[in-house]
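Hi,

Here is the structure I promised to pass on. Have a look at it first, and my notes on what turned up follow below.

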Amino acid sequence: MNYNSRDEVKNLKTKFCNEIENLFKLGETIEFNTPFTVYIQEENTYDASYVKVPYIVKTMTDGQYLTGTTHYGDEFDDLSTYDLEDIVEVAYILDTIGDKQYKILQDGQSNT
């Protein structure tokens, strides 16, 4: 039997992303009760190496697109859960949603 654990983890991450996406309607935006950090590998501008850049996630749209700020203060709105490299980050989002640690926003405003 040829077992490839990398493929298994990749498939599980995709399954988690699909589960998250299927929990929300298209156009629906949620705000997480507590912002959290995910790390994206990016090319270092000074040499050919790669660095992990922190992104502070505050909201999610369409059950997929994360929005928030970088640690530099720049806003982002196009980071997909499918782009996350670490399955633990995706599992954390799924767990946070399962624990109802978010609120649904309407027209960018809190629905409380």
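E31 pairs with K103 in a salt bridge, with 3.3 Å between the closest N and O atoms. This pair ties together distant parts of the chain: E31 sits in strand β1 (residues 29–43) and K103 in strand β5, 72 residues apart. Both ends are partly exposed, E31 at 26% relative accessibility and K103 at 28%.

Before I go on, a word on how to read this: it is a predicted model, where local features need pLDDT of at least 70, side-chain atom pairs count only at pLDDT 80 or more, and totals for chains, interfaces and linings use all residues. Residues are numbered from 1 along each chain as its sequence is written, and side-chain values use heavy atoms, with hydrogens and water left out.

I call it a salt bridge when a side-chain nitrogen of Lys or Arg is within 4 Å of a carboxyl oxygen of Asp or Glu. As for burial, buried means under 20% relative accessible area, exposed over 50%, and partly exposed in between (1.4 Å probe, protein chains only).

How many salt bridges does that rule give? The count comes to three. Side chains of opposite charge can pair when their charged atoms come close.

Another one joins E85 and K52, whose closest N and O atoms are 3.1 Å apart. It also links distant parts of the chain, with E85 in the loop between β4 and α2 and K52 in strand β2, 33 residues apart. E85 counts as partly exposed because its relative accessibility is 40%, and K52 is partly exposed too, at 48%.

Then there is E19 with K15, where the closest N and O atoms are 3.9 Å apart. Here both residues belong to helix α1 (residues 5–22), and they are four residues apart, about one turn of the helix. E19 is partly exposed at 32% relative accessibility, and K15 is partly exposed at 47%.

**The overall layout**

The protein chain has two helices and six strands. Starting at the N terminus, the order of elements is α-β-β-β-β-α-β-β. Helices (H or I, at least four residues) and strands (E, at least two) are DSSP runs, numbered from the N terminus. The C-alpha trace spans about 50 × 45 × 20 Å along its principal axes. Of the 112 residues in the protein chain, 37% are buried.

**A negative patch**

D74, E75, D77, D78 and D83 form a negative surface patch. For this, residues need over 30% relative accessible area and no salt bridge, and like charges are joined within 9 Å. Asp and Glu count as negative and Lys and Arg as positive, with His and the chain ends not counted. The place of a charge is NZ of Lys, CZ of Arg, CG of Asp or CD of Glu. The areas come from the Shrake-Rupley method with a 1.4 Å probe.

One member, D77, lies in strand β4 (residues 75–80). Is D77 buried or exposed? It has a relative accessible area of 56%, so D77 counts as exposed.

**Two spots in the backbone**

Most residues other than glycine have a negative phi.

D62 is in the loop between β2 (50–61) and β3 (65–70), while K100 is in the loop between α2 (87–98) and β5 (102–106).

**Two buried residues**

S80 is in strand β4, and it counts as buried because its relative accessibility is 5%. A polar atom of the S80 side chain lies 3.0 Å from the backbone nitrogen of Y82.

V53 is found in strand β2 and is buried, with a relative accessible area of 9%.

Cheers

Terms used:
Patch = residues over 30% accessible without salt bridge, like charges linked within 9 Å, V, L, I, M, F, W, Y side chains within 5 Å. Polar contact = N/O pair within 3.5 Å; in protein donor to acceptor, adjacent residues only side chain to side chain.
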